[in-house]
Amino acid sequence: MPELTRRTALTATAALAATAVAAPHASAEEHHHGSPEPFDEVYKGRRIQGRSTGGHHGGYRATVDGAELHLMRNADGTWISVVSHYDPVPTPRAAARAAVDELQGARLLPFPAN
């Protein structure tokens, strides 16, 4: 077994630190099985709701004032919406809030299904 040197110890510590930073952390809003918590609240005068749709892909449905907000979960665990596509956030609730912020009072229009 090789002798532990200062360089080896520092390299191992740096590798562990990099792994800890890169590993996705479960949000406080997520259940033990990885599905985000449902929510129903009024944010800046707009009613936002969200819940899991089940299924093996872990789908999630969110609405703003009853209009569906299309969400997508990224590979790193962050979420984006059709409204705030280039601003990933940690949870579906945060995505719905970001959409309300971006809409600035405008009504969310239905997204055409193809």
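## Aromatic pairs

Two rings of Phe, Tyr or Trp, the last represented by its six-membered ring, form a pair if their centres lie within 6.5 Å, and a pair counts as stacked if the planes are under 30 degrees apart. In this predicted model, two aromatic pairs are present. For Phe-39 and Tyr-60, the ring centres are 6.3 Å apart and the planes meet at 20°, so this pair is stacked. The pair connects distant parts of the chain, since Phe-39 belongs to strand E1 (residues 39-43) and Tyr-60 to strand E3 (residues 59-64), with the two 21 residues apart.

A single aromatic cluster is formed by Phe-39, Tyr-60 and Trp-79.

Residues under 20% relative accessible area are classed as buried. Phe-39 has a relative accessibility of 5% and therefore counts as buried. Tyr-60, with a relative accessible area of 9%, is buried as well.

The covered face of E1 carries Phe-39, Glu-41 and Tyr-43, whereas Asp-40 and Val-42 lie on the uncovered face.

E1 runs antiparallel to strand E2 (residues 46-54), and five bridges join the two. Within this pairing, Glu-41 has Ile-48 of E2 as its bridge partner. The two strands E1 and E2 make up a hairpin with two residues between them. In the turn, Lys-44 adopts a positive phi of about 50°.

Conventions
Residues numbered from 1 in each chain as written. Predicted model: local features only at pLDDT ≥ 70, side-chain atom pairs only at ≥ 80, totals over all residues. Heavy atoms only, no water. Phe/Tyr/Trp six-rings, centres within 6.5 Å; stacked < 30°, edge-to-face > 60°. Helix = DSSP H or I, 4+ residues; strand = E, 2+ residues; numbered from the N terminus. Buried < 20%, exposed > 50% of the residue type's maximum accessible area, 1.4 Å probe, protein only. Pairing = 2+ DSSP bridges.
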